[in-house]
Amino acid sequence: MPHETRPHCAIAGGGPGGVLLAYLLARAGVRVTLLESQRDFQRDFRGDSLHPYTLELMRRLGLADDLLRLEHNRATTFRFHTSSGVVTTAEYRGLRGPYPYVALMPQARFLDFLAERAAELPGFRLLLGSKVTGLVAESGRVTGVRYRDDDGEHRLDADLVVGADGRYSRLRRLADLPTRPLGSGSDILWFRLPRHHQDPPAADAELYFGPGHYVSTLGQDHGWQVGYTIPKGGYPEAKRAGAGPIRDFLTARVPWLADRVGKLTGFDQITLLSVEISRAQRWHRPGVLLIGDAAHVISPVGGNGILMAVQDAVTAANVLVPAFRRTGTPEEEVLAEVQRRREPAVEQVQRQQVRTEQRVAAALAGDGDFRPNRLLRAVLRIPAVRHRAARANAYGPFPPELDLSLLDPHLDAATGPM
């Protein structure tokens, strides 16, 4: 098919799902324009977790070795630190597979890597600093987008427009595909603290519970990403109180950070993450498809956001590439098929996240502390239980398998199925 007549897909949003889908479509011979409103992929406090599913996908695409040469940390356990002791809830070392860990890598580094590989493919174009401002429609079908960059307003025609622009998706609003909130009991204050040589292992995911709050710590290249949980809507009160209560909580509950909490001096060092769990009833309309957080906002619980977006992109590629080849313009029943395949997994993850949010919120609002009961502590002492929990988080429910036959013929299919 001549280059100028190949189908064209415009993807709004440079998150993991959008960049990966752009790469997969370009590998399959579809022309792709990826529009990112910012001038680069740098964002503070985005999810940094690359689960075993994602790493195995990169392996099948021939990208894993180069990706893992980039600086990253490896989390092998997930632990709760409570007043009744330390509980290990998941242990990845028991996974059978080439990647028995979660790779913690700044999301910008992962996105830069994927975008660089996509740029090597004919038909891929990345437009940074390009903000989608409107949709172009003809006869009730979206046929492109309008966007603004430093040179002014532009129109971009496309056979399909994909919204992958995150939880505050502008494209979702433009397409009139609203989300329905499913519930959340907390927000998170994110900040960074430096790492010292005597600190605990750099990557394992840890939660530290105390009266009314809990703290999460994740190791990054040269420091710690720390999340301090507050009640939903509690930001104004927390800001009025200042950084002092946060420093006091860290000193009492995460004592190995006590020697550097003084570096947290004010709220200008803190970013609010409003925790939300929501889902659009419809992820599509003629000419438009939503994926990732644009279609379903995932809580930080379990670090599943990137995983769900990646799996959306895999499913979308499996469905869209044959449609592009058949007709050049995926019809709405094709877009509905993407939602039909992915929604059960998203629903299951979100239900579990809502239950977890409710349990923790109730515990912290009760006597002010979270204590796993004796039965739970006993069950989690069984290695098979911890390994099963790790596998559930590593792959998610109903993980899709990429159809390699849709991509170029140079892939080494001997790596086998995921």
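I started with burial: 55% of the 418 residues in the protein chain come out as buried, and this is a predicted model. For the cut-off, I took buried as under 20% relative accessible area.

Next I looked up the surface. The protein chain exposes about 18,000 Å², and I noted that carbon and sulfur atoms supply 51% of that area.

Then overall size. I get a radius of gyration of 22 Å, which agrees with the value near 22 Å for a compact globule, because that is what the rule gives with 418 residues. Along the principal axes, the C-alpha atoms fill a box of roughly 65 × 50 × 35 Å.

I checked contacts too. Taking pairs at least 6 apart in sequence, I find that 74% of the contacts join residues at least 24 apart.

On to secondary structure. I list 11 helices and 22 strands for the protein chain.

Which order do the strands take in the open sheet of three? I read S13-S19-S22, with antiparallel pairing. Strands S13 (179-181) and S22 (296-297) are at the edges, each pairing on one side only.

I zoomed in on S19 (residues 278-280) and S22: they run antiparallel, and two bridges join them. What stands opposite His296 in S22? I found Arg279 there. As a reminder to myself, strands of a sheet pair through backbone hydrogen bonds.

How values were computed. Residues numbered from 1 in each chain as written. Predicted model: local features only at pLDDT ≥ 70, side-chain atom pairs only at ≥ 80, totals over all residues. Heavy atoms only, no water. Pairing = 2+ DSSP bridges. Helix = DSSP H or I, 4+ residues; strand = E, 2+ residues; numbered from the N terminus. Rg over C-alpha atoms; globule rule 2.2 N^0.38 Å. Buried < 20%, exposed > 50% of the residue type's maximum accessible area, 1.4 Å probe, protein only. Contact = heavy atoms within 4.5 Å. Areas by Shrake-Rupley, 256 points an atom, 1.4 Å probe, with all protein chains shown as cover.
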